Structure formats: C-alpha cells, structure tokens
Amino acid sequence: MDDPYLNELRDDFEGYSNQLKKLKKKLLKTKSPESQAKIIKQIDSIANKMESNQKQSVKVTKSRIKELKSKK
C-alpha cells in the first residue's frame, strides 16, 4: 500500500533506528557513568517514539484497509 503518511511514518522509524545504532556505539565506547546514563535516557526516549510510531502506523493501516473495503 503506497500511502504518503505511512511512508512518512516508515521514514521516521528508520531515522529512529539509525539514531539508536549511533547511540549504541557511543554507549559502548564511553566509560563515564554520567555519560552512560544520559545515553540510556536518550535510547529510552527514542524507543518510546518508535513505539508510538508503530502504534500510529497500525491504526492508519487498519483505517486504510477499512476504507478500501468500504469502497468495494
């Protein structure tokens, strides 16, 4: 299904995924407990955004499927 909003959500999700990869590398390199705590908070925040993104994606997909069925 090619939907501009779903494509935007997918792009956002990929962006979050890339951020997580960078933060993971940063976390493994750092030795400072303070820096690690900050990075972990960032990771948690991004994970929450990803979860919201997925929930929204599911809602939109269900809505689009419903629209398609009602048009037939």
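**View 1. The largest nonpolar core.** The largest nonpolar core consists of five residues, namely Tyr16, Leu23, Ile39, Ile46 and Met50, where a nonpolar core is a set of buried Ala, Val, Leu, Ile, Met, Phe, Trp, Tyr and Cys residues joined through side-chain atoms within 4.5 Å. H1 and H2 are the elements that give two or more residues to this core, and H2 gives the most, with three residues. The model is predicted, and local features need pLDDT of at least 70, side-chain atom pairs count only at pLDDT 80 or more, and totals for chains, interfaces and linings use all residues. Residues are numbered from 1 along each chain as its sequence is written, and side-chain values use heavy atoms, with hydrogens and water left out.

View 2. Helices (H or I, at least four residues) and strands (E, at least two) are DSSP runs numbered from the N terminus, and the chain comes to two helices and zero strands. Leu6, Leu9, Tyr16 and Leu23 of H1 are buried, buried meaning under 20% relative accessible area, with exposed over 50% and partly exposed in between (1.4 Å probe, protein chains only). Helix H2 (33-71) is included in what covers the buried residues of H1.

**View 3. The N-terminal end of H1.** Aspartate 3 caps this end of the helix, with a side-chain oxygen lying 3.0 Å from the backbone nitrogen of tyrosine 5.

**View 4. Threonine 30 and isoleucine 39.** Threonine 30 lies in the loop between H1 and H2 and is buried, with a relative accessible area of 17%. Not counting residues up to four places away in sequence, threonine 30 touches Ser35, Gln36 and Ile39, contact meaning heavy atoms within 4.5 Å. With that same exclusion of residues up to four places away, isoleucine 39 touches Leu23, Lys26, Leu27 and Thr30.

**View 5. The chain as a whole.** Along its principal axes the C-alpha trace spans about 60 × 15 × 10 Å. Buried residues make up 17% of the 72 residues in the chain. Among contacts between residues at least 6 apart in sequence, 68% join residues at least 24 apart.

Technical notes: Polar contact = N/O pair within 3.5 Å; in protein donor to acceptor, adjacent residues only side chain to side chain.
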